[in-house]
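Please look over the briefing below, which goes with the sequence and structure shown here. It takes up the contact between two chains and then the build of one of them.

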Amino acid sequence: MKTSAAVETYREDMTSKKIVRVTDVTKDFDLGKIVVHVLKGIDLEIATGHYISIMGPSGSGKSTLFNMIGGLDKPTSGKVFIDEVDIAQLDAYELAWLRCRKIGYIFQTFNLIPVMTALENITLPMTFAGSTGDAATKKGIELLDLVGLEGRHSHRPSELSGGQQQRVAVARALANDPSIILADEPTGNLDLTTGEDIITLLKKLSRERRVTVISATHDYKMLNVSDKVIWIRDGRIEKIQNREELDIKTGGVEETSGGDV
Amino acid sequence: MERLAGLPLKISLGIALKSIKVRFFRSLITTFSLVLAVAFLSFTHISDDTAQSLLSYGGPDILSTLSGLGYDIDSAADSIIASPKQRWIVFLSLLVCVVGIINAQLMSVTERFREIGTMKCLGALDSFVVKIFLIEAALQGLAGSIAGTVLGGLASLTMALARFGLIVFTSLSWPAVLESMIIAVIIGTSLSLLGALYPALVAARMQPVEAMRVEQ
């Protein structure tokens, strides 16, 4: 089934800007003896300010697509545009700028820098962007407040719980006011309620700051807040569901939704 | 598309210092082989310096005493020569030390793979990663070399004192000793940098996507 986002019509989104555009992307991995076709032609458009979930079983190409959207990997063929810039054309310095200013990353394993305090972790992307000193510190503390960690600025990651670490990671992702937040299984290492808190936080940020949140996930809790869910199977887009369709499908019986399509 | 500029040295230095401070014990062990090698280097050099000073200072039986202790003396030029055997031992100890540093730094890079990947996701340039590792190596090298030089120098002077008595201090040419110490520090620091170069390049070449990997 080939559902191209380009031909889909969205009610309120017809006019809004596309922050990510993926056209006919394929990705092969050469393993020496065999070449694995991980992505087999993906077309996708993501509108600014949306909350997108990419769902799919392990080995479906979900992570590969996700990395491609995040500018971490380059396609074998096809093009990936982030904010209308073809990422294949960028050199190392431009890619670094893109990762630093346009995209905020959230990882399943939090990935805070262990030797730095919460505040230093948050101001690190600002340092890379060339902003240091009082302004960066002030903004860092504001971001800590925003994610609900007032007064924890001098704690090291090892002194924080998993949920708190992920909150710091969310604040760090926001440090340079990115257009996109890429979250790779952000709730994968968290318990149920803490995971829900993080999802709520991400949703709130997406709504209030018009940040596009793109997350790769197995977590069905994520579906309820998503504006759109992209299902990947076997290197292709299986289907793209909008919020409304989801609510009907998931209502009550979460476990069966999406499993049998 | 804009490009990211490199970071000023002061900030890289701060981050490197912090990294050493937090992993102080680890850094200490990494540095310890360098301390020993540089101590040996400075010990042999300063021993030669004291012997040379004694020789120049002169004395009736100094020549035979020194020969008896195993120093090679060029009687024509009245100077102590470092024997090839001695040179080889020093060279080998430094070589072993460099290999040890490369090993320790590669371990450190592997240990910090996720940290490096994350930094790259946050916008760190390759040059920044190289800089961090080289600054850390330079700081460790400098500290280790100074410690080793002082240690080796003290040991050598103590031994000379025990062998020849107080005459060592009256005869000793301090500029020569200072020169030997400075050379030992420079060699030690350079070796530390040399050992860290390849691991730093490995770290810099790492892809940011590695940070996403869960299994480690």
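**Contact between chains A and B**

The contact takes 27 residues from chain A and 24 residues from chain B, where two residues are in contact if their C-beta atoms, placed from the backbone, lie within 7 Å. This is a predicted model, in which local features need pLDDT of at least 70 and side-chain atom pairs count only at pLDDT 80 or more, while totals for chains, interfaces and linings use all residues. Residues are numbered from 1 along each chain as its sequence is written, and chains are lettered from A in the order in which they are written.

- On the side of chain A that touches chain B, the elements giving two or more residues are helix 2 (92-102) and helix 3 (118-128) of chain A, helices being DSSP runs of H or I with at least four residues and strands runs of E with at least two, numbered from the N terminus.
- Helix 2 of chain A gives the most to that side, with seven residues.

**Overall build of chain B**

- Chain B has eight helices and two strands, which follow the order α-α-α-β-β-α-α-α-α-α from the N terminus.
- The C-alpha atoms of chain B fill a box of roughly 80 × 30 × 30 Å along the principal axes.
- Buried residues, meaning those with 20 or more other C-beta atoms within 10 Å of their own (C-beta atoms placed from the backbone), make up 43% of the 216 residues in chain B.

**Helix 2 of chain B**

- Because 25 of its 34 residues are buried, helix 2 of chain B is largely enclosed by the rest of the structure.
- Just after helix 2 of chain B, Gly58(B) takes a positive phi of about 85°.

Conventions
A residue is buried if 20 or more other C-beta atoms lie within 10 Å of its own, exposed if 12 or fewer, and partly exposed in between; C-beta atoms are placed from the backbone.
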